[in-house]
Amino acid sequence: MDAQSPNSFEPNKYVSLEKLVSLCKRRGFIFQSAEIYGGVNGLYDSGPLGTLMKQHIRKLWGQALQQLEQEVVLLDGSLIGPEAMWKASGHISNFHDPMVDCLVCKHRFRADDIDLTRPCTHCGNKQWTEVRNFNLMFTTQVGANTGQSTTAYLRPETAQAIFVNFKNVFSTARVKIPFGIAQQGKAFRNEITPKQFLFRMREFEQMELEWFCKPTESAYFYDFWRKKRMDFMYHIGITPERLRMREHSPDELSHYSRGTSDIEYHFVFGWKELEGIAHRGDFDLTQHMQHSGKDLKVYDEEAKESYTPHVVECSVGLDRLFLTLLFDAYYEDEVEGETRTVLRLHPAVAPITAAILPLTKKQHDKAHILYKKLKFAHYSVEYDLSGSIGKRYRRQDEIGTPFCITFDFDSETDDSVTIRHRDSMKQERIKIDDIQKTIDAALSVSFS
Ligand code: GAP
C-alpha cells in the first residue's frame, strides 16, 4: 500500500487522552515521575507493563533492521556531550523554539502553539512579551572542581554520537558502505510546553538509524527507507488508514536536511509526526570534520578517491510509538450488555503474551508448571488465580493479553487447556504440548 492516506480519516472514536492516561496509571503502564512529590511536567516513569511493552517495541525495531540484506551495527553512546560537539552539530545555534510570556499571569507558551492576536488562554489578558528563541538543551557541568569544570549538554538526540563515532565504527566493524549504525537511548529536551502525555516529553527515548551511503545513492536510499519504515508500522499492527507520509515543504526543513518526510499518525488531537526520515546529505560528517579537524572521509577503491558519505536518517521516539500503539489498539466493545475495554495490540507488542488461569485452586499445580516453563523460556506470562474467570478475562483484555490459557477440571486428565483469543473471544481446546507452537506463530513478525 502506498504511504498516502486521506486526511479525512476518523481517529479511533473510543479513546480520549484522559481514558488512556487513566488506563496507563490504573494498570501500571505509565506513572507520573516523582508523583508523591507533585511530579514534574514532561517526565514519566514506566511501570511493570509499560516496561515490558517498551522492551518488546525495542526488540521489534532491532529485528526489522537485522532482517535486511545490508549490515546494520549497533552503538550505545554517552548521554552527555561536550559543547564543541553541539556547536558543530548546529544545536547550540539552531535548536530552539519560539517562546512568549503573558505579561499579566506570567504563563509561558510556545509562540507557534498559540495565536498572539488573541487573549491569553490562561488569564484572558492580551499583553505579550516579545517572542524570543529558547534553546531546548539541558546544560550541565562536567568535573568536580569549581572553576575547572566545563559546560556540557544532555543529548537532545542520539544521532550525534553516531556521527562522531562514524570512523571508529567503520574501521572496527568490518562493514562496507552502504551500511547503518543504529542506536536506542534516552534524549533530553527542555520543551517549553510538554504536552499530550507521552507525545511531547522532556526526557524520552529515541530509536535512530543513520544510514551511510555513496552520494550518488542517497536519493535511492531516502525512498527505500521511507517505504521500509512505513512497512514497519504496518507490520507491528498499526491501522494503515491512520498512518500517512508527509513530505516537508522547503521552508519547514531543518538546518541539516535536503529532504524530510514524516510518518504521521492520526491521534485524537490530529495528524502528528511519529517518525522522521531525513536525507541529511554530508552535513553532519562535514561539520564534524571542520570543527574537530579529523578526517571522516572514506576511500572508494573503485573510483580511487576519498569522499564524504551521505546519510539518510530514520528517527522515531520510543515513547511516542508506544503512545501510538496504545491509541491505535484501544477499543470498547459491548459484550452481553457490558462494556469491555480491550487493547488489540499485536501479540509481539503486548506486554503480557499469555495469562495462565487455573479455574480453581485444584488446578494450581499443573497450571503453575506451565507458567514456570513459559517464564523460564523467556515468554512474557502472567499467572492469575484470583477472581471469577470472567473478571480475569476482562483484566487481561484491558492490558492487551492475546491469549488466556485456562486449566479446568478436564485438564487434570486430558492434558489439554482452553485457550481464549482476545479479539474474537473464541475459545478452543488445545493440548498443553501445542501451546508454545501457537504462541510462537502469533509472535513471529517478518519484516522482509
Ligand atoms: N535526529 C533527528 C531528530 O531527533 P526529531 O524530529 O527532533 O529528529 C525524532 O525527533 C523523533 O523523536 C520524533 O519523530 C518523535 O517520535 C521523537 N520525539 C522528538 N521530540 C520528542 C519529545 N519531546 N517527546 C517525545 N518524543 C519526541
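Student: Which residues are closest to the ligand?

Tutor: The ligand is surrounded by 22 residues of the predicted model. The closest of the surrounding residues are Glu157, Arg189, Met201, Glu208 and Glu273.

Student: Where on Met201 is the polar atom that lies 2.8 Å from a nitrogen atom of the ligand, in the side chain or in the backbone?

Tutor: In Met201, by contrast, the polar atom that lies 2.8 Å from a nitrogen atom of the ligand is part of the backbone.

Student: How much of the accessible area that the ligand has on its own does the protein cover?

Tutor: On its own, the ligand has 550 Å² of accessible area.

Student: Why is strand β13 described as largely enclosed by the rest of the structure?

Tutor: Gly259, Ser261, Ile263, Tyr265 and Phe267 point one way from β13, whereas Thr260, Asp262, Glu264 and His266 point the other way, and the residues of both groups are buried. Buried here means a relative accessible area under 20%. The strand, residues 259-267, is therefore largely enclosed by the rest of the structure, since the number of its nine residues that are buried is nine.

Student: Which strand forms a hairpin with β13, and how many residues lie between them?

Tutor: Strand β12 (residues 243-247) runs antiparallel to β13 and is joined to it by five bridges, with Glu247 standing opposite Ser261. Strand β14 (residues 270-281) also pairs with β13 in the antiparallel sense, over nine bridges, and here Thr260 stands opposite Ala278. The hairpin is the one that β13 forms with β14, and the number of residues between them is two.

Student: Is Ser89 buried or exposed, and what is its relative accessible area?

Tutor: Ser89 is found in helix α3, which spans residues 83-89. Leaving aside neighbours within four places in sequence, Ser89 is in contact with Gln160, His255, Phe283 and His288. Ser89 counts as buried, because its relative accessible area is 1%.

Student: Which residues of helix α8 are buried?

Tutor: Helix α8 covers residues 283-292, and the elements that cover its buried residues include α3, α5 (159-164), α6 (166-172), β11 (203-213) and β14. Just after the helix, Gly293 takes a positive phi of about 75°. The buried residues of α8 are Asp284, Leu285, Gln287, His288 and Met289.

Student: Which residue has its backbone nitrogen 2.9 Å from a polar atom of the side chain of His346?

Tutor: His346 is placed in the loop between β19 (338-343) and β20 (354-358). Not counting residues up to four places away in sequence, His346 touches His235, Ile236, Gly237, Ala442 and Val445. The backbone nitrogen that lies 2.9 Å from a polar atom of the His346 side chain belongs to Ala348.

Methods: Residues are numbered from 1 along each chain as its sequence is written. This is a predicted model: local features need pLDDT of at least 70, side-chain atom pairs count only at pLDDT 80 or more; totals for chains, interfaces and linings use all residues. Side-chain values use heavy atoms; hydrogens and water are left out. Helices (H or I, at least four residues) and strands (E, at least two) are DSSP runs, numbered from the N terminus. A polar contact is a pair of N or O atoms within 3.5 Å; within protein, one must be able to donate a hydrogen and the other to accept it, and residues adjacent in sequence count only if both atoms are side-chain atoms. Contact means heavy atoms within 4.5 Å. Buried means under 20% relative accessible area, exposed over 50%, partly exposed in between (1.4 Å probe, protein chains only). Two strands pair if DSSP finds at least two bridges between them. A residue is near a molecule or strand if one of its heavy atoms lies within 4 Å of it. Accessible areas come from the Shrake-Rupley method with a 1.4 Å probe; for residues, only the protein chains shown count as cover.
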